[in-house]
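Here are my notes on the contact between the two chains. Please read them with the model open.

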2 protein chains.
Amino acid sequence: MKSMEIRLRKRPVGMPEVDDFEIVEVETPEPNASGEVLIRNVSLTVDPYMRGRMIDRQSYVPGFQLNETLTGGAIGKVVASSHSEFQVGDYVESHLGWREAFVSTGRGLRKLGSLNAPPSAYLGVLGMPGMTAYVGLLEVGKLREGEFVFVSGAAGAVGSAVGQIAKIKNCTAVGSAGSSEKVRHLTEDLGFDHAFDYHDGHLERQILAGAPQGIDVYFDNVGGDHLQAALNCMRPNGRLPLCGAISQYNATAPVPGPNNLAIAIGSQLTLQGFIVSNYNHLRDDFMRDMTDWVVSGRLKYRETVFNGIENMPKAFIGLFTGENTGKMIVNLTD
Amino acid sequence: MKSMEIRLRKRPVGMPEVDDFEIVEVETPEPNASGEVLIRNVSLTVDPYMRGRMIDRQSYVPGFQLNETLTGGAIGKVVASSHSEFQVGDYVESHLGWREAFVSTGRGLRKLGSLNAPPSAYLGVLGMPGMTAYVGLLEVGKLREGEFVFVSGAAGAVGSAVGQIAKIKNCTAVGSAGSSEKVRHLTEDLGFDHAFDYHDGHLERQILAGAPQGIDVYFDNVGGDHLQAALNCMRPNGRLPLCGAISQYNATAPVPGPNNLAIAIGSQLTLQGFIVSNYNHLRDDFMRDMTDWVVSGRLKYRETVFNGIENMPKAFIGLFTGENTGKMIVNLTD
């Protein structure tokens, strides 16, 4: 079986370009008869964190190597199996994205069971981004009923879940996004109390327009000027789950940090970085709550969909140019 | 009874000057016979946080008013009393420093009982700075046996206690200070594993010289370049109790923050500002442990002593020019 795969041809400098990637055709071997599984991916995704892995440096996940096939979240379907746990037709989640098909011993595969939503939802609201929102807001951010939440990158896969979970918990949700259409989506479709386009500036004034007495939790997907503005709006004992710093991922030189971090002392703020994979003990809670919210329609999600493996690089670059509302998905045809 | 008191004549701009203060003589009234106490202060102190209170802005403690007598930590002795709880000769702690004497209804006075150390120690190692070190390192910083600690401003009242508590807890202690004499004091007298003069630069290299595999807790008294360097040296799951930012207290314009805060995400760091007064529930634990450590000689302290109320402004300014090793004390004569 032939499979098309995407490799990193050279390490991006600043904003990634299509030319940094290459597409290659490989022959996927037949799965052996002693327990291997052949998977055909049906839905792939790209995430901002992948940009960090394209840099040649030490990090909490090893970097991508040049001329090796990239990896990332994927939902696939079993097309052949001699593994007792996996039957033909099963949907599985894996980290072997950026490719059309692969053979596995079963390690690193997670069986999804019966689906409550389309496969791609398990890459977004019911997958890693959804769990990032859930864990970051409720566990790291220790959200309590009636509090005021500000989330940056609010139209993204994580941010849109953060704001809606806040609403489900009877909190006020304020969000920033990068276009007037996204702002409209947040307030009209997703129930945010206030949203604004960060290109218009006046971040502090905008945050306070939605939460005049300040915010208790700032869920940071962006870093930079958003973090600085949020610090100026924090109420005493506020929490700042640090989830991402997309404003800085493509920077080629260090970006000055917030000039007002000393506010954290007097206001007793907690800034806490987190990685969702360290919260697997909350996975069952997450799947139960989030499935309930999604199926009941209380929590909505959107996807920005590309089709065909060849569009993976374009989808990835689109993360940094604001092309996505919700999760960026690349669907593969059978 | 006459009392000399120090008032703020004008708000300092940048580094405070002697001329920002004035000394005035007031007549302290007789205490009434229905419960008032007359206190003569014996030991006063100055703290970096007072600089923030001299700015006209909203903060967690109200600002100092012009032409009112300043306040701050003080140990005094009861010289007259009709209050049932306070007898002549009792030592009391109060927040009515910057003056020689005062009359009180007893509110805000804390009786010290029998002293285990000279009165001034209750302004330092057995007082607010000692408790700041204790709470910040053990409660906020969640220090565990065998970990690696870096503290900035290590020769100050808080920092020197932080390093020694770390040693008592079988941890490695690295400290920065502002002179070679202070560095010698830290390693030779106080048992720090490594110390360095931050004027020599290369902060990261110096931190790693004492903790080659990185640090678990950075106790921040300084902010600025120290915080940025420490972030680069943090081990995964590290904690950064934010206690002070003395490098910025006299800044007249915003100072850029650490350009590497995004490290907190991947390494799952927690930066937590705290105010010691919110940890009064740990006061008994602190007094028990710290008295034990001080009396047994396991924890040493130094003071930089001025004499006479007229030297309060000079002592205060000295905090920012690095004149103190340990607690800055102004003793008053009977």
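1. Strand E13 (residues 270–273) of chain A is joined to E13(B) by three bridges, and the two run antiparallel. In E13(B), B:Gln272 is the bridge partner of A:Thr270. Strands (E, at least two residues) and helices (H or I, at least four) are DSSP runs, numbered from the N terminus; two strands pair if DSSP finds at least two bridges between them.

2. This is a predicted model: local features need pLDDT of at least 70, side-chain atom pairs count only at pLDDT 80 or more, and totals for chains, interfaces and linings use all residues. Residues are numbered from 1 along each chain as its sequence is written, chains are lettered from A and ligands numbered from 1 in the order written, and side-chain values use heavy atoms, with hydrogens and water left out.

3. How many residues of each chain are in contact? 28 of chain B touch 28 of chain A (heavy atoms within 4.5 Å). The buried area is about 2,200 Å², with 59% from carbon and sulfur atoms (accessible area, 1.4 Å probe, that two parts lose on being put together, summed over both).

4. Helix H7 (263–266) and strand E13 (270–273) of chain B each supply at least two residues of the side that touches chain A. E13(B) gives the largest share, four residues.

5. Helix H6 (residues 224–233) of chain B is mostly covered, with seven of its ten residues buried (under 20% relative accessible area, 1.4 Å probe, protein chains only). Among them are B:His226, B:Leu227 and B:Cys233.

Methods. Buried < 20%, exposed > 50% of the residue type's maximum accessible area, 1.4 Å probe, protein only.
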